[in-house]
Amino acid sequence: MASHRRPKQPSRARVTVLTTAAAAAVALSAQAANAAPSEKPSKDEVKAKVDKLYEQAEQATEKFNGAKEKQQKLQKEISTIQDNVARGQEELNQLRDSIGLAAAAQYRTGTIDSSLQLFLSSNPNDYLDKASTADQLSAQQVEALKKIQEKQRELAQERAEASDKLKDLASTRTELGNKKKDIQGKLAEAQKLLNSLTAAERASLAAADARASRSASERVDLGNATAASARAQAAFDAAKTQLGKPYVYGATGTASYDCSGLTSWAYGQAGVSIPRTSQDQANAGTRIYSESQLQVGDLVLFYGDLHHVGLYAGNGMVLHAPRTGTVVRYESISDMPFQFGVRI
């Protein structure tokens, strides 16, 4: 017969566990459903992040400029050494030819001596160390061999120097490429953030930037500062002609500039050669640590690592190439962490 026993009921403890688990699952689902989506960063937050990225890009730019300048210097030095080696080798060949002609003349007359035979078949560096053999040479031959020995040593040193500089050049080119990638990465990240803003937000930021630039220009016009020197005035006047030119990293004019590119170009127009990078320009003259003592045309250095430089414009203002996305313009010194001025 079939069994009519009632099925076993689950224990109270098991029911409690299942009920609790179900309730927790429902609660989590409800929380997930009701959770607010992650908030989009505000316009001001985006601007702050973009400004920081631009600052980092400019830091990398000055390192890029330094590596580029070093590369150009090495290329010139290597070219000079290679030219010297070529001329030296030609001189060495002429010296050897003169000894060879002397040997040929002696051979024709049947008077070639054993010392000259030794020279023609061995290294003259070793040859001159053999005093007993050198005694057999004429004074003229001794002098010629000494010149050959000296020229060989000179060429060996120059070739070794060229080899070292070529290695340094290869390393510098690698550094240059890495710095360029670093800059491009920062700029791309900044552009991505800007693209996350609406057209209205981007327009608002641009309008605020334009208002600040106009205000800065008005402050300069109201000022009545004197220049540090005639050349400082000439450099400042040259820089003023570049107002509105775009900032481009690594650029030295006249279509575009980076910060130190503008200052080095401006002083170049005044007949003064100053270093290419902002860090080197910081050592190009007398430092002035008080803003109140700055005069028109003085260099003005910013940030602890001195990665930004401009020209003092008077009335607490600086003329500079600020960063990517901007143009050569006036700005208040107080907008950046002032370090010191430099009077060229």
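Entry one. I'm working on a predicted model, so I keep that in mind throughout. I began at Asn65, which sits in helix H2, residues 43-109. Buried or exposed, I wondered about Asn65? Asn65 is buried, at a relative accessible area of 2%. I then looked up its contacts, skipping neighbours within four places in sequence: Asn65 touches Gly250, Asp258, Ser260, Arg276 and Thr277.

Entry two. I went through the aromatic pairs and found 3 in the structure. One of them is Phe64 with Tyr249, an edge-to-face pair with 5.7 Å centre to centre and 80° between the planes. Phe64 belongs to helix H2, while Tyr249 is in the loop between helix H8 (230-240) and helix H9 (259-269), so this pair ties together parts that are 185 residues apart in sequence. Phe64 is buried at 9% relative accessible area. Tyr249 has 19% relative accessibility and still counts as buried, because the cut-off is under 20%.

On to H8, where I noted Ala232, Ala235, Phe236, Ala238 and Ala239 as buried. How are the buried residues of H8 placed, seen down the axis? They fall within an arc of 160°, so they line one face of the helix. A reminder to myself: an α-helix has 3.6 residues a turn, so residues three or four places apart point the same way. Last, I looked up what that buried set packs against: H9, plus strands S3 (308-314), S4 (317-320) and S5 (329-332).

Note on methods. Residues are numbered from 1 along each chain as its sequence is written. This is a predicted model: local features need pLDDT of at least 70, side-chain atom pairs count only at pLDDT 80 or more; totals for chains, interfaces and linings use all residues. Side-chain values use heavy atoms; hydrogens and water are left out. Helices (H or I, at least four residues) and strands (E, at least two) are DSSP runs, numbered from the N terminus. Buried means under 20% relative accessible area, exposed over 50%, partly exposed in between (1.4 Å probe, protein chains only). Contact means heavy atoms within 4.5 Å. Rings of Phe, Tyr and Trp (its six-membered ring) pair if their centres lie within 6.5 Å; planes under 30 degrees apart count as stacked, over 60 as edge-to-face and the rest as tilted. The arc is that of the directions from the helix axis to the C-beta atoms.
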